[in-house]
Amino acid sequence: MNRKSIYIAYTGGTIGMQRSERGYVPVAGFMRDCLEAMPEFKRDEMPEFTVHEFSPLIDSADMDPQHWQLIAEDIQANYEKYDGFVVLHGTDTMAYTASALSFMLENLSKPVIVTGSQIPLSELRSDGQTNLLNSLYLAAYYPVHEVCLFFNNKLLRGNRSTKAHADGFDAFMSPNFPPLLKAGIDIEVITGQVRPTGISALQISPIVPQPIGVVSLYPGISTEVIGNLLLQPVKALILLSYGVGNAPQHQSMLEQLQEASDRGIIVINLSQCLTGKVNMGGYATGNALAKAGVVSGGDMTTEAALAKLHYLLSKNLPSQRIRELLCQDIRGEISI
Ligand SMILES: NC(=O)C[C@H](N)C(=O)O
């Protein structure tokens, strides 16, 4: 087998952390030393790899859109030299970063796999060894060239994934789209398209941090709570509604949403349910939202919708165009 070469962008996360008095913290150079001491990463069947450690390394709770931009630029700067890319990342916001990268990296013809672990690589029973080893192997020899997330022996579409378990190894789910691939005794390709790496030029669509509100509806929510979230400088609001996209029929709330839409604020409806999709035609309570200018987010995850809004708002498109694109499939993030 031809030995491939993979670039690891190491941003931080538990995988390279060490215990401290304040709890786990990332420590510069520590993960590289752990990896050096693990002979399985040097086996002939494995690809060669280069680790680029970000400075400072961060807990992914500290990730923001500027970091997404740095990761995308790092991949672009090394794009020609490597066969595939692994982004080592904390699990807390991994699904957000995977979603954001999926929109930012245009014409992607090489695999980008985001992974990390729940227990540091240096500790007993760490899942970091399996996650990283498999990610490197898949990036090299099963090049699904899209932004993916690998965890617990499953390769998921990045913008379909969500962190669903706080402390289990099976930390990620893809509630509305089957896995791209499963790594059992055999590697089973499910929905992923494994193709040889192409040579199309990678483009980055930059993301600028955007003021976006997110509100989860609950029985008794007051109109003021929603009204305050629609104040300047908010450009979009993600409404996490009930079931297939239903909300209480408060006249004042509907008027507020209508007025926000008229001002060009994009209000997108996602379901609080993990599985299934929004259908505002199902009930009068959902229909009222559609009439007030609220757009359906279909079966997108909150992470994908937030990243997609950042991506579209960063392009300075008219709000009507953004509303149309939100409902369209751009990177496989929504079922049409
Ligand atoms: N398992 C982890 O990586 C959690 C950590 N707090 C992070 O997201 O960086």
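**Exercise 1. Find where Asp92 is located, and decide whether Asp92 is buried, partly exposed or exposed.**

Step 1: Asp92 is found in the loop between β5 and α3. Helices (H or I, at least four residues) and strands (E, at least two) are DSSP runs, numbered from the N terminus. Residues are numbered from 1 along each chain as its sequence is written. This is a predicted model, where local features need pLDDT of at least 70, side-chain atom pairs count only at pLDDT 80 or more, and totals for chains, interfaces and linings use all residues.

Step 2: A residue is buried if 20 or more other C-beta atoms lie within 10 Å of its own, exposed if 12 or fewer, and partly exposed in between, with C-beta atoms placed from the backbone. Asp92 is partly exposed because it has 18 C-beta neighbours inside 10 Å.

Step 3: Leaving out residues up to four places away in sequence, Asp92 touches Ser60, Ala61 and Lys163; contact requires C-beta atoms, placed from the backbone, within 7 Å.

**Exercise 2. Work out which residues UniProt gives as "binding site", and what surrounds the ligand.**

Step 1: The unreviewed UniProt entry places "binding site" at Ser60, Thr91 and Asp92. These are spread over 33 residues of sequence, yet they cluster in space, with a largest C-alpha distance of 6.8 Å. UniProt positions follow the numbering used here, feature names are shortened, and annotations may be inferred rather than shown by experiment.

Step 2: Residues around the ligand (C-beta atom, placed from the backbone, within 6 Å of it) include Ser60, Thr91 and Asp92, along with Gly12 and Gln118.

Step 3: Sorted by class, this shell has 1 nonpolar, 8 polar and 2 charged residues. Here Ala, Val, Leu, Ile, Met, Phe, Trp, Tyr, Cys and Pro count as nonpolar, Asp, Glu, Lys and Arg as charged, and the others, Gly among them, as polar.

**Exercise 3. Describe the setting of Gln18.**

Step 1: Gln18 belongs to strand β2 (residues 17-20).

Step 2: Gln18 is partly exposed, because 14 other C-beta atoms lie within 10 Å.

Step 3: Not counting residues up to four places away in sequence, Gln18 touches Val25, Val27, Phe30 and Pro120.

Methods
Two residues are in contact if their C-beta atoms, placed from the backbone, lie within 7 Å.
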